[in-house]
Amino acid sequence: MRGGKFAAVLTAARPIAAIRLKLIPSLAIDLLHIFFSIERAALGSLTVALLLLAGCQPDTPATTSAPETPPAAVAAPVVSPLETRVMAQHDSLMALTDRLFAFRQRLARVRAAAPAGPFAVRLDSATRATLRADDAMTDWMHAYQRPAATAAPDSAAAYFHRQLSALRLVDTLTHRALDSAAAVLRAAPQPSAK
């Protein structure tokens, strides 16, 4: 009897399994249809929204704006003699930054081997001086902003004079740092040759 009931259950389950197999592909197809219809609806809504936004532009004619000057016709900015002096001073100071860095590295090597004491204090002071000079140059470069071409000539000249004064201070710091580092390194005890 048991076999009979089991066989009856299997026989009854076959049509259900067949229905499930038929439903799964049709369900998948239905889901794809729903997905694409939602996507089409969203795309259609987006298209309508863009058309509405384009239609909401003001009705001013495009010819009311000034014609654009082609880039080739734009004149190069006029460089004043004062600005040329500022840039020359900047360039000469930038040439010294490599020396500042090299001195700072040498000071660090000597400091690593130096015992605590007055000479170590001089090494630290010379290192700080190179850092201050380097920071002053970096600060100046970050703060520098060329005056606009529309700035009054007197205003631009005053700005460049202030920049020359600031660069003279940076120059003083840089040369003092270089001199200090060189003097301290000359006074450094030489490693004994054994």
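Partly exposed residues are those between the buried limit, under 20% relative accessible area, and the exposed limit, over 50%. The model shown in all views is predicted.

**View 1. Salt bridge between D124 and R111.** The closest N and O atoms of D124 and R111 are 2.8 Å apart. D124 belongs to helix 3 and R111 to helix 2, so this pair ties together parts 13 residues apart in sequence. D124 has a relative accessible area of 25% and is therefore partly exposed. R111, at 30% relative accessibility, also counts as partly exposed.

**View 2. Salt bridge between R104 and D134.** Here the closest N and O atoms are 3.5 Å apart. R104 lies in helix 2 and D134 in helix 3, and the pair ties together parts that are 30 residues apart in sequence. R104 is buried at 15% relative accessibility, whereas D134 is partly exposed at 23%.

**View 3. Salt bridge between R146 and E83.** The side chains meet at 2.6 Å, N to O. R146 sits in the loop between helix 3 and helix 4 and E83 in helix 2, which places the partners 63 residues apart. R146 is partly exposed, with 34% relative accessibility; E83 is buried, with 7%. A search of the whole structure finds 3 salt bridges.

**View 4. The largest nonpolar core.** This core has 30 residues, and V86, L107 and F160 have the most contacts inside it. Helix 2 (81-113), helix 3 (118-143) and helix 4 (153-187) each give two or more residues to the core. Helix 4 gives the most, with 12 residues.

**View 5. Surroundings of V86.** Leaving aside residues up to four places away in sequence, V86 touches W140, Y144, F160, Q163, L164 and L167.

Conventions:
Residues are numbered from 1 along each chain as its sequence is written. This is a predicted model: local features need pLDDT of at least 70, side-chain atom pairs count only at pLDDT 80 or more; totals for chains, interfaces and linings use all residues. Side-chain values use heavy atoms; hydrogens and water are left out. A nonpolar core is a set of buried Ala, Val, Leu, Ile, Met, Phe, Trp, Tyr and Cys residues joined through side-chain atoms within 4.5 Å. Buried means under 20% relative accessible area, exposed over 50%, partly exposed in between (1.4 Å probe, protein chains only). Helices (H or I, at least four residues) and strands (E, at least two) are DSSP runs, numbered from the N terminus. Contact means heavy atoms within 4.5 Å. A salt bridge is a side-chain nitrogen of Lys or Arg within 4 Å of a carboxyl oxygen of Asp or Glu.
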